[in-house]
Amino acid sequence: MEPTTSTVARSWSLQHVGIIALYSMRFALRSGGGLMFLLIFLTVGLSVASLFITPLEELVKMDGPDGMNTAELSMTILESDMVSQAVEWITNSDSAQSEYLLKDNPALLSAILLILLIAVPFTTCFGAFNQTSGDIASRGLRYLLLRTERANIFLGRFVGVLLFTIVSVIGTMLVILLYVQFKVGAYPGMDLWAWGFQGLTAVFFLSLPYIALCAWISCMLDTPFGSLAICLLISGFSLAILYLLKLTLITSMKVDPESLDWVFKTVPWGWKYELLHGSPVVRITAILAMLGFTVGFLFLGLRHFNKRDL
Amino acid sequence: MQPAVKVTNLTKKFARQVALDGVDLEIPQNSLYGLLGPNGAGKTTLFSIAAGFLKPTEGAIEVLGVDVSRISHLRGKLAMLPQDAAFQGSIPVIEQLIMFSRLNGLDKAAARSAAEKALEMVGLPEVARKAARALSHGMMKRVALCQAFLGDAKVIFLDEPTAGLDPDNARRIRALVKEFTRDKTIVFSSHNLQEVQDICDHVCVIDKGRVVEAGTMESLTQSTFLVRVELVSALSSEAQAALQALPVVEGIELTSDKEFNLRLNASGANKDEAMKAIYGTLAGFEIYPRSVFEGASLEARFLEITGGTFDGASST
C-alpha cells in the first residue's frame, strides 16, 4: 500500500514562518555559513567590478598625467561601437537596448551588472543549498516538527535565506556603487544610484527562483554537501544541456537560430537581461517569469517536504 | 475517559522491512507508560510517527483525540524527547529553547523566562549561553529533556531518555520524569527493565513490530516469576517431580542437566514463602544450588515473551 500522503496546501502560520525565518538568519550568521555566503557574494561582485575598473586604471597610468582620467577613458571605451556590438551579442538584443545600457545609463555599471547577472545563480547556491538538508541529517528538524507544520518550516527557511540574500545583494551593490562613484567618478550620483537600484532589483529577482530551487533540492537530500553539488549541477548543467540542444537544432536540423530564442526562456537564467531592459513591459514580464519559476519550485519542494519521512 | 494516545492498526514499512505491523494500543491519561522491546522492535518508529516525523504506511495515531497528522491542533499539548535529534551545534542552547518556546505561542519575554525555567528544572542554568556542541552527552540529554517540558504539554514521549548516561545522570532524569507525572501522560521507552518497573504504572512489550503484551505493571509482574537455578550436580527426576508438585510452581524447564528455570505463580507478597519452599525441597534431596537467579518479574516476563537474553539484543 502507498504511504499516506498529505495535501500540498497545508495550514500555515505567518507568525511561525516569521519566527523560523528570523532565527534561521540569526543562526546562519552565528554558525558561519551565512558569513561565508556574504563573503562569497562580495568577492564575486568586487571581482567582476575590478574586471572593468582595474584595466581602466592601468590604462590611465600608462597614458600618464597628460592623458585621459579614468572617467573619460571609461566613457570613451564603453560607449564605443565595438562595445555596443558586444553588448548586443551578449544580451541577444538590438541597438536600442545596447544604447539604453551604455548611453542612457552608466555604461561601466551596466557592464558590471551584465557579468554579475551571469554569476548570480551559482553564487546564490552557496547561500541557499542548506536550507533543510543539514537539519534533516542531524534530525534537528524534529524539535521544530513538534511545534509547527512542515509548511511553516519549509517556507520559514526559504524566507530566511531570501532575507539574507537581500542583505548580501544590497551590501555588495553598495560597495560596488561606492567603488564606481569614488574611484571612477564618471557619472552623476543620482544616475549612478538610480541605475544601481535597478541593477539590485534585477540581481534580487534573478536570485529568487534559484533560492526556491535550492529549497526543493535541499529538502530532497540528507547531506548538505550533496545538496550544494546538485544545486550547482542543476544550475549549470541545465544551461549546458540547453546550449547543446540549441546547437544541435541549428547545425543538424538547420533551424533558424533566431527562432530558438525561447529555448533559454525555459530556465530563469534565460531571463536575466530582460530584468535590465529599457521597456517596462519587458521588465515586468521578466519579473513575473521569475516569480512563476519561484512559485513552481516552491510548490514542488513543499509537496516533497510534506510527504517525506524526517 | 478518552485515552491519551490511541494507536489503530499502525503499520510502517521501510522498503521491504516492516518496522510496525498492525499495532493497536491505548495509553490511559495521566499514566506513566513504559514501552519495552529489544533493539529494532519498533519503539522509536512508533514514537516518530506519533510525533509526525514519519508517515505511517497504514493506520493512525490519535493524541488526545486528534490525529497526529494535524500537528498544529496539538501545538503545546504534545512534546517529545527524540532519540537521536541534535541541537544546532554552534548556537547557544538558550536561544534554541527560546525559539521553541516562541513556536509554542509565547512572546519574546515569556519565551526567555520559560527557557530559563526549563534549564533550571533540569539543573543546568549555567549552560544557557554555551553552544550545544560544548556540552557533554549527559548535559545534552538533560537539555533535550528540558525542551520536552517547555510549555504545558499533556502528553510527553520520551525515547530512551537514559540511554548512554552514567548512573547519576540516569537517576536525575528518572527523578525528573517522576516529578512531572502528576497531570501528564508520559510514554517512556527504555531497555532498562528495572527502571521501567520502578517508575511506570503501565507497560507494553513490543517485539518485531507487534504488541506482544500490554497492561498495568501490576498485572504483568504478578502473573509470573522466574527463578533460574544452577546446581553442582545433575537434578534427579525425583527432585524435579517434587519441585513440579509445589503449589507455587507453574512449570519447570530444564536448560541442561545442572540448570533449570522455575516459573512460579507468586506475587510479591508470598515470593519469600515460595523461595523457602523451593530451597526446602532441594535441601530434602541434599541438592544445594551453585547459584540462584531470582529474575525480576518484568524481566522474566520480557524474556518469556521475546525469547531473548536480556542485554538489549536485537529483535530477530
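Tutor: Arg174(B) counts as partly exposed, at 21% relative accessibility; here buried means under 20% relative accessible area, exposed over 50%, and partly exposed in between (1.4 Å probe, protein chains only). This is a predicted model, in which local features need pLDDT of at least 70 and side-chain atom pairs count only at pLDDT 80 or more, while totals for chains, interfaces and linings use all residues. Residues are numbered from 1 along each chain as its sequence is written, chains are lettered from A and ligands numbered from 1 in the order in which they are written, and side-chain values use heavy atoms, with hydrogens and water left out.

Side chains of opposite charge can pair when their charged atoms come close. A salt bridge is a side-chain nitrogen of Lys or Arg within 4 Å of a carboxyl oxygen of Asp or Glu. Arg174(B) forms one with Glu195(B), and their closest N and O atoms are 2.6 Å apart. This pair links distant parts of the chain, since Arg174(B) is in helix 5 of chain B and Glu195(B) in helix 6 (residues 193-199) of chain B, 21 residues apart. Helices (H or I, at least four residues) and strands (E, at least two) are DSSP runs, numbered from the N terminus. Glu195(B) counts as buried, at 2% relative accessibility.

Asp183(B) lies in the loop between helix 5 (167-179) and strand 8 (185-190) of chain B, and Lys154(B) in the loop between helix 4 (137-148) and strand 7 (155-159), so the pair ties together parts that are 29 residues apart in sequence. Asp183(B) is partly exposed at 41%, and Lys154(B) is partly exposed at 29%. A network of salt bridges links Asp152(B), Lys154(B), Asp183(B) and Lys184(B).

In chain A, Arg157(A) and Asp135(A) form a salt bridge through their side chains (2.7 Å, N to O). Arg157(A) lies in helix 9 (residues 150-184) and Asp135(A) in helix 7 (residues 133-138) of chain A, so this pair ties together parts 22 residues apart in sequence. Arg157(A) is buried at 9%, and Asp135(A) is buried at 14%. Over all chains, the structure holds 16 salt bridges.
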